[in-house]
Amino acid sequence: MTKSAMITVCGRPNVGKSTLTNALVGEKVAIVSDKPQTTRNRITGIVSRGDTQFVLMDTPGFHKPRTRLGDYMVNVVRESVADVDCVLLLVEPVASVGPQEEALTVHLREAKVPAILVINKIDTVDKSRLLEVMAAYSAVYPFDAIIPVSAKTGDGLDELLSELDRYAEEGPHLFPEDMITDQPERQICAELVREKLLSCLDKEIPHGTAVEVSRFHEREDGVIDLEVTIYCEKDSHKGIIIGKKGAMLKKIGELARADLEEFLGAKVYLQTWVKVKENWRDSLHQLHNFGFTE
Ligand SMILES: Nc1nc2c(ncn2[C@@H]2O[C@H](COP(=O)(O)OP(=O)(O)OP(=O)(O)O)[C@@H](O)[C@H]2O)c(=O)[nH]1
Ligand SMILES: [Mg+2]
């Protein structure tokens, strides 16, 4: 008999939700960076384990929004914690509950869903500190379980999956066995480019970028022609993204192309363009164009 479970991964920005999702899936379905607010949409990662299929939903980092894009992202989180079989609240291994976690527990209470506290990044702390972290969180919410993990090293992930098995219900699998995400190929390509913007650029600049695949064409010999447009918010940002004599854009393109070729399993001919769309993160019309609509 097959079983399945829908599981939402939520938590503050940068706590490792996408890293955990990728580690559980065993492949990269969500981009990762050391900057907060990397994920902007709900990303489905599918894990098939024995008879059970877990449909993981990676969500944007829960924060206090300052733009309409931020409003959208926070809404995605709110909607994603309702109507699932279990929610994972991912936290840093720190013995104090922050305002983001407080706010998320309010949503968990409202949604009346089972919730597991997942303490991530345990590779960065002494194990003896974990008891304090557990105590701090147990005081604010009655979690169904507490599981320390390291999404980076894989420590604790088997225990987590075994625990999640308890929330699976009998029924048909929602996705084919070999499927790992529901994102269209073009979107994954755009995200891979955005990941390089996040890793190569400083501070606010990558947060004001959006990436669109404007052309995806497979030649007869299998080479893929990919045209990608990078939107940014200011002329000055455009200059920085392009860099001196185009050096930065070249670096971003080279890094992205390597990932794109691996993902598509084909040789990629990549062309990148940079355009300015002022304040797009606050324009409902532009957000709609970039696919940030409910
Ligand atoms: N040491 C360590 N670093 C980790 C671990 N998990 C994630 N990281 C790092 O934490 C940073 C953020 O990881 P992400 O997976 O992008 O975090 P996120 O929660 O998805 O972030 P947003 O999408 O911005 O909300 C990256 O630099 C990861 O490499 C872990 O278990 N141990
Ligand atoms: Mg993420």
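## Strand pairing

Two strands count as paired if DSSP finds at least two bridges between them. The model described here is predicted. In it, strand β1 (residues 3-11) runs parallel to β4, and 5 bridges join the two. Within this pairing, Val-9 stands opposite Leu-88 of β4.

Strand β4 also pairs with strand β5 (residues 115-119), in the parallel sense and over 5 bridges. Here Leu-90 has Val-118 of β5 as its bridge partner. Together with helix α3 (residues 99-111), β4 and β5 make a right-handed β-α-β unit.

## Cover of strand β4

Strand β4 spans residues 86-91 and is mostly covered, with 6 of its 6 residues buried. In a regular strand, side chains alternate between the two faces of the sheet. In β4, Cys-86, Leu-88 and Leu-90 point one way, while Val-87, Leu-89 and Val-91 point the other way; all are buried.

## Ligand 1 site

Ligand 1 is surrounded by 23 residues, and the closest are Lys-17, Thr-19, Gln-37, Thr-38 and Asp-123. By class, the shell divides into 5 nonpolar, 12 polar and 6 charged residues.

Which side chain has an N or O atom 2.7 Å from a nitrogen atom of ligand 1? That side chain belongs to Asp-123. An N or O atom in the side chain of Asn-120 lies 3.2 Å from an oxygen atom of the ligand. From Gly-16, a backbone N or O atom is 2.9 Å from a ligand oxygen atom. Ligand 1 taken alone exposes 660 Å², of which the protein buries 89%.

Terms used: Residues numbered from 1 in each chain as written. Chains lettered and ligands numbered in written order. Predicted model: local features only at pLDDT ≥ 70, side-chain atom pairs only at ≥ 80, totals over all residues. Heavy atoms only, no water. Near = heavy atom within 4 Å. Polar contact = N/O pair within 3.5 Å; in protein donor to acceptor, adjacent residues only side chain to side chain. Areas by Shrake-Rupley, 256 points an atom, 1.4 Å probe, with all protein chains shown as cover. Nonpolar A, V, L, I, M, F, W, Y, C, P; charged D, E, K, R; others polar. Buried < 20%, exposed > 50% of the residue type's maximum accessible area, 1.4 Å probe, protein only. Helix = DSSP H or I, 4+ residues; strand = E, 2+ residues; numbered from the N terminus. Right-handed = clockwise from strand over helix to strand, strands pointing away.
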